[in-house]
Amino acid sequence: MRKKELRAFTTWIGENDICYTVVKSNAVVEIADAVENTNAVKDLSDGKVYPMLVNLNEIKSITKEARDHFSMKNREPGVSAIGLLIKSPASTIIGNFFLGLNKSKVPVKLFTVEAKAVTWLKQFSKK
Amino acid sequence: MSKELDEIYKKVSALTGEKVSAKPARPAGGVDKKKAILNGLKKLDNTLTIIKKQEIENSKRIDEILKVVISFANLNYDKKALITNKKSHFDALALGINMLGEELEASTISLHEKEVLLKEIHHRVKNNLQVISSLLNLQSEKIKQPDLLETFMESQNRIRAMALVHEKLYQSKNLSLIDFTEYVHSFINQMSNSYNLDPSKIKMHIDESIRPHFFKIDTAIPCSLILNELISNSYKYAFPKNRKGNIYLHFELEKETKNTSHYLLQVADDGVGIAPEIDIKNTSSLGLQLVDLLTSQIEGKIDLDRKNGTKFTIRFPVEKN
């Protein structure tokens with residue numbers, strides 16, 4: 001399993017065909033981080049489109065430009081769906097922005113339990 | 001006493017999350033009970049000081065976040081609420097406020113861009129209409145036949161009437177409504193200059209009690225053209241052979257019932273009067289045909305009174321606005 005350690009994220013493709021991204025503790029996600037993450041996912045997926053689980057629990061903040069990038073309005077989504085793992089108050093706020101103001105092109109759902117997120121994401125796995 | 005103290009300590013522990021107790025870690029043995037109580041009270045005092053400090057800090061953060069919200073409400077997005085590494089609810093609140101501010105700023109900018117664009121469009125339309133009017137003017141200089149020259153002038157006036165609507169629109173605050181009362185005043189000035197009228201012979205009277213009435217472009221353009229035709233008609237035909245006279249313009253909002261009302265636009269003159277054989281519903285005059293057509297466009301009705309000169313009354317519904 002290849003893992004990418006980025007400035008603000010750790011990203012890898014799981015054996016269950018789900019792309020995992022964990023936001024690092026107190027990370028302030030900027031546009032450069034967002035693009036870096038997209039490139040890492042692209043590189044790891046090798047042409048395949050995976051559903052993605054993003055663990056936002058440790059995030060500190062995210063800039064408008066990064067949110068716009070993740071909302072995928074002006075680009076092809078590299079993933080089929082996004083499950084956002086939220087527990088901390090900050091992650092709950094950010095998660096909800098991706099359901100409304102920064103709504104993504106692909107289906108997005110918020111979860112507090114990882115197992116439930118994985119079950120939901122599996123339906124978007126392309127065989 | 002010790003039981004009561006224990007209760008207090010329990011409550012304080014629950015509040016602060018810190019384990020506080022009056023009981024010493026090891027059995028007191030020969031230690032004086034009073035000393036233990038004193039010790040406990042000291043700890044309690046320390047805890048209360050911490051709580052007080054926390055309260056002051058919370059209050060400061062709330063004030064700071066409120067200042068940011070106020071600043072956003074004033075469309076000033078320079079301030080940002082502080083987010084610490086503590087991952088507290090205050091940090092989440094600050095983050096949420098900052099993010100909402102960013103989204104608000106982005107939408108305000110795009111709204112401003114739209115306004116600028118709309119202003120530019122109205123400006124360009126007005127300029128283009130003025131260019132057309134100037135071209136007609138240049139062409140008319142070569143025309144010798146008086147009736148053809150008049151046709152050119154009429155067309156020019158119609159174009160100018162529409163250009164003035166666009167001019168008023170880009171000067172208006174919200175770019176979609178114009179104050180028709182203000183328009184009327186500017187329009188009359190424009191018309192008087194165009195016909196080169198001697199104010200000592202033909203006096204224009206605008207009802208000064210007219211209050212501001214705001215129209216969208218869909219109503220403003222037909223109304224401006226109707227006004228142009230009716231006033232031109234009076235200028236051209238009501239006062240032949242240097243006859244002196246007056247033109248009256250009245251415009252108001254008339255209440256029909258409690259819930260329904262309509263606009264009333266009246267152009268009257270004390271001139272020679274319109275020929276009795278002229279039927280405004282069936283006329284060869286382009287001007288009157290236009291008045292009839294444009295009145296239908298704003299779902300209005302025309303009434304013509306031929307007593308003591310000519311009085312056109314047009315009523316049209318407010319709902320169109």
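Student: Which residues form a nonpolar patch on the surface together with Leu66(B)?
Tutor: Keep in mind that we're working on a predicted model. The patch has about 280 Å² of accessible area in total.

Student: Is Ile70(B) buried or exposed?
Tutor: Ile70(B) sits in helix 2 of chain B, which covers residues 33-73. Its relative accessibility is 53%, and the cut-off for this class is over 50%. So Ile70(B) counts as exposed.

Student: How many charged residues are in the lining of the largest cavity?
Tutor: Chain A gives Asn26(A), Ile59(A), Lys60(A) and Ala90(A) to the lining, while chain B gives Ile83(B), Thr84(B), Lys87(B) and Asp91(B). By class, three are nonpolar and two polar, and the charged ones number three.

Student: Is Ser296(B) buried, partly exposed or exposed?
Tutor: You'll find Ser296(B) in helix 7 of chain B, residues 286-297. Its relative accessible area is 48%, and exposed would need over 50%, buried under 20%. Therefore Ser296(B) is partly exposed.

Student: And how far apart in space are Ser296(B) and Pro222(B)?
Tutor: In sequence, 74 residues separate Ser296(B) from Pro222(B). In space, C-alpha to C-alpha, the distance between Ser296(B) and Pro222(B) is 9.7 Å.

Key. Residues numbered from 1 in each chain as written. Chains lettered and ligands numbered in written order. Predicted model: local features only at pLDDT ≥ 70, side-chain atom pairs only at ≥ 80, totals over all residues. Heavy atoms only, no water. Patch = residues over 30% accessible without salt bridge, like charges linked within 9 Å, V, L, I, M, F, W, Y side chains within 5 Å. Areas by Shrake-Rupley, 256 points an atom, 1.4 Å probe, with all protein chains shown as cover. Salt bridge = Lys/Arg side-chain N within 4 Å of Asp/Glu carboxyl O. Helix = DSSP H or I, 4+ residues; strand = E, 2+ residues; numbered from the N terminus. Buried < 20%, exposed > 50% of the residue type's maximum accessible area, 1.4 Å probe, protein only. 1 Å grid on protein atoms, 1.4 Å probe; cavity = no way out; pocket = protein on both sides within 12 Å on 5 of 7 lines; lining within 4 Å. Nonpolar A, V, L, I, M, F, W, Y, C, P; charged D, E, K, R; others polar.
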